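Biologist: Can you put the model up? I'd like to go through a few side chains.

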Amino acid sequence: MYAIVEIAGQQFKVAKDQKVFVHRLNTEEGKKVAFDNVLLISDGDNVTIGAPAIDGAQVGATVVKHLKGDKVIVFKKKRRKGYRKKNGHRQSLTEIVIENITASGAKKAAPAKKATPKAAAPVKEAAPKKEVKKAPAKKGDDLKKIEGIGPKIAETLTAAGIATFADLAKADTKNIAEIISGVRGNHVPDTWPQQAQLAADGKWDELKKLQDELDGGKA
């Protein structure tokens, strides 16, 4: 016959006449002591389980002596810090002898029922996320195809909102002159709207003819 009992915060499997070392008890040597927090008692094929403790069950014992356990070395170290600390510890213990195990008034635990597995709840499919279509960015034209417009001027016009041939065709020449005043140099924007309109309409032959005439000195 054996029992599982809690003594001074620890659980022990004990039997009659067994010696047990437990945490220090506040009981004088030679005195008897009883522990009623019995969790389980086994007597052959009969096993009684508490919920959590068994009502009426008790383990009786006699205090033999108080003593200290073996020394335990506690060493602390911190790398690259030069910190080292060494301590010794001996736990205060009490030696007891189990005198008897009483199961009077104990209630036998009912056999555990097998849990019926619950049907898994149907998994709801997440609604598909709606794709947000982004408006396509406005694509500019190559303004450098206009006679008299270089990379710097094209960049300046695009920054001012004139990014396509159509934008340039509608722009006023005075407004264009103000926009490019900082990078204009000797360029004259008078024919830029006309060239831009031909480019916007896809009339590349006429545009080339006009640009050849401009290179030839046409005002």
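This is a predicted model: local features need pLDDT of at least 70, side-chain atom pairs count only at pLDDT 80 or more; totals for chains, interfaces and linings use all residues.

Biologist: Thr-94 first. Buried or exposed?

Modeller: Thr-94 is buried, at 0% relative accessible area. Buried means under 20%, exposed over 50%, partly exposed in between (1.4 Å probe, protein chains only).

Biologist: What does the side chain of Thr-94 make a polar contact with?

Modeller: The side chain of His-66, at 2.9 Å. A polar contact is a pair of N or O atoms within 3.5 Å; within protein, one must be able to donate a hydrogen and the other to accept it, and residues adjacent in sequence count only if both atoms are side-chain atoms.

Biologist: New topic. How many aromatic pairs in the whole structure?

Modeller: One. Phe-165 and Trp-204 pair edge-to-face, 6.1 Å centre to centre with 75° between the planes. Rings of Phe, Tyr and Trp (its six-membered ring) pair if their centres lie within 6.5 Å; planes under 30 degrees apart are stacked, over 60 edge-to-face, the rest tilted.

Biologist: And how accessible is Trp-204?

Modeller: Trp-204 is partly exposed at 40%, while Phe-165 is buried at 6%.

Biologist: Which ring does the charged end of Lys-13 sit over?

Modeller: Tyr-2, 4.4 Å from the ring centre. The cut-offs are NZ of Lys or CZ of Arg within 6 Å of the ring centre and within 35 degrees of the ring normal. Likewise, the charged end of Lys-78 sits over the ring of Tyr-83, at 5.0 Å.

Conventions: Residues are numbered from 1 along each chain as its sequence is written. Side-chain values use heavy atoms; hydrogens and water are left out.
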